[in-house]
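This report covers charged side chains and their surroundings. The structure comes first, then the notes.

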Amino acid sequence: MSDIFIELKNALGEERVSTNIIDLFPYSRDWSPMYHEKDYLPEAVCVPLCTDDICKIMKIALKYRKPVIAWGGGTGMGGDNLAVKGGIVIATRSMSRILELDETNYTLTVEAGATIESINDFLEPRGLWFPHDPESKPASTIGAAMMCDNDGTFGIKYGGIVDYLLNCVLVLSNGEKLRVGQRKAASTSSGYKTMWLLIGSEGTLATVTEMTIRVFPLPRHRYVMLWLTPTMQDAVDALYEIHKSGVWLESAHVNDGYRLDYYTQAYREKTGMPAKIPEGFGSLLALTIAGDEDVVNFQKGKITAIMEKMKYSLLDNEEIVRGWWASKHTLQWERNKWPSGQKQAKFGAADVAVPPGRINEIYDAYIRYTEKYKLKKVGAAIYNSRPHVSPSISFAVYVDDHDKESVDNFFSYVHAMSKEALGLEGTMSSYIGDGIRLRRLTRLEHEKGLDIMWNIKKIFDPDLILNPGKIFPKEFDPTDYEV
Amino acid sequence: MQESRKIDKYRDDIYTCIRSRCGFCFSNCPIFLTKGLETYTSRGKSMIIKAFLEGKIELSEDLAKRFSQCTNCGFCTTNCDVDRPDIFNAFKEDLIEAGYVIGSHERICESVCRYGNPYGEAKDYQIPLKYMSKIDDDSDVLFYAGCTARFRERSIMEAMMEIMDRFALLDEAVCCGSVLLRTGNRKEAEMQARKLKDLFQGYRTIVTACAGCYNMLVEQYPKMGIELGPEILHSTQYIKRLMDQGRLHLSKIGTGIKATYHDPCHIGRKDGIFEEPRYIIRAMGFELVEMPRNREGALCCGAGGGYKSMEDDTATGISRIRDTEAKSTGADILITACPFCVRNLRDGGQGMDLSIVDIVELAANAKYRPDKV
């Protein structure tokens, strides 16, 4: 065993460092649609128990110039935590303690390896919750939510991780630890927002070990409504009308006809009855409102009046409503939908965002490129990841992960959709991040801004050991990584 | 070896897991909670088997060790279409077939084959005289205590005999084979199943005090193609039935006492026996307070699947986590319904001010006896 791993074992203990290939395979893939035989093996995996353990790992890694990759729930979809150059994986799930609940100030301080579900399991009996709620919450960690800047179900009301984060502890590439942010104040106008810089940085600048986040009172009631509209653009336009009225939506999602078919198909299979979908409706607008019952009822009435005025139709089948909401929030399916949905093919997505008025144009591109690259459509789903109407879109497809051509086609499709989104004044990624899948396009997205990003990277990580091979294209890192 | 690999049957399930990759399987995985490596999770094990199926790693001692570091608690299957422990136990069979055996598991297997129990007890348990009169070979109810209650936690076996009126007992101890199946010794487990099938013939009802035995008899035997004739009841189901029929009255021995209940994995998560024990606990007057992880989401005690025999320290560490959860509810007493859980939870609870008992023992104490009025 080489000296670095002996040093790591001495620093952390024999049981908490492994270089055994058996222990490395579980960290060799993320949720990307990779060819089935493809894997990226790290050289070691470490299990830290506290921030100081991560400081020790970083100091040793720097001494030997070994790459370091922080690992949360392993459910990323862009290859952003893959050990493309080998190195050391830090398995952060072992750091999941709740450090402080400040009920007076509605803040929670927690270690970065805590899953979002575990945070809410802790908060719920106390009448509180952390509404940043991706579907992967039983596995995805709060640290990864920061580093990947993912979206969540309730973004239209509560925003993204940037809106929750108050301060955090970082470990730099030289092993120093520091706290950045604004303590417990909800906002600050002092200085550069160093903490914000870390959001979405995919572990390329530092490793986050502790975070203080805002938490909120748990709403007493929630009502879920599914509306049918002719197109996704109509549904997004309807959201403006609802907002104009003063209704404060808790969540808003738009699905296209393919996703609508998926949900009604599940209903058909279960009941043997077709769901009643009126002619001319090809899109679903799913809304939730939450709060005290009278307030919820008032808003429900207001939304109904607006939607009926626009001649849209309510899909009031309880079974479909419950199944839809299970897929977004409760996760209480009869059985887990993901395995059953992915027995033959892998789910993959282009996660572009475009301005709210250009939904039809990007949707046309979805139809065009899925046909061009021979990919079966799962359907499109619009999230609203920030307050007010703020579409981030999952254009999902099935990929045959045992067919190299299908996998290659998938990435060609993602790249084509990304370029299309940029042409429509949008962005190529709205919740997955760049990882290795989009690095060849980041110059196109950021133009000269990419050089500033690279200079910032070198300030934080002058020896380029933190999660190499991500975000920056070949002009900065000449290695060509296959997904 | 290549021709007869058990794991090949599960190839599609493995790749389904690789595609899904949800990771919903390991938030309560007891070994993952204590060791921190995904190796011990269901998703991690799928990744390792994938590497094996693709020829990237070979069967080895290290592999055998890692796949045996699992309590078979089945939490990983709660949110999954696929029965994970079945897959991993099949892989253990391949490892054993290739000669990679875990020493403690091999000894258990030898012991069951030789003595009929995993504890190597050559002499059967001597039934106390006061219960001898209850044994009736003509009874259509057979009390099948299970090896742990019979040889290690005898107070549980005696408590059940106290509760039952008349019952038949097997002349010899015959292990149900649960620990064999869960350590990859399927053939030997099937031998035990066939033996018991013969011995159970002619009875209407089999009552067992062990969660592992119960799951084995009702779920695993049919998977092996072995259908037992009689109905199988866990002790908690039988007690509730006696209560419902007015044949057993429990006094309020728990009045003023706060109790919490640990769901044994093999009757709870696996077979859905959640309410009967809670009904009995309330009937005895206890104030029942739940741990945050309960029912389907209960944390395993850490002992199952032959794990305690392999890594007792870690198994005890897991039970200590569970005992701490119980203590945090403010309960004075932790009740469970499995002799093996009792055993491990007591090991982990040493030094804690917490009583840990099997529900059968409490019910025996609470049994209303006219002669004592």
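## Lysine 302 of chain A

K302(A) is partly exposed, at a relative accessible area of 36% (buried is under 20%, exposed over 50%, partly exposed in between, with a 1.4 Å probe and protein chains only). K302(A) sits in helix α11 (residues 293–309) of chain A; helices are DSSP runs of H or I with at least four residues, strands are E runs of at least two, and both are numbered from the N terminus.

Leaving out residues up to four places away in sequence, K302(A) touches S245(A) and V247(A), a contact being heavy atoms within 4.5 Å.

## Basis

This is a predicted model, in which local features need pLDDT of at least 70 and side-chain atom pairs pLDDT 80 or more, while totals for chains, interfaces and linings use all residues. Residues are numbered from 1 along each chain as written, chains are lettered from A and ligands numbered from 1 in written order, and side-chain values use heavy atoms without hydrogens or water.

## Salt bridges

Over all chains, 59 salt bridges are found (a side-chain nitrogen of Lys or Arg within 4 Å of a carboxyl oxygen of Asp or Glu). One of them joins E153(B) and R343(B), with closest N and O atoms 3.4 Å apart. E153(B) is in the loop between α9 and α10 of chain B and R343(B) in helix α18 (residues 339–348), 190 residues apart. E153(B) is buried at 9% relative accessibility, whereas R343(B) is partly exposed at 24%.

R293(B) and E325(B) also form a salt bridge, at 2.4 Å from N to O.
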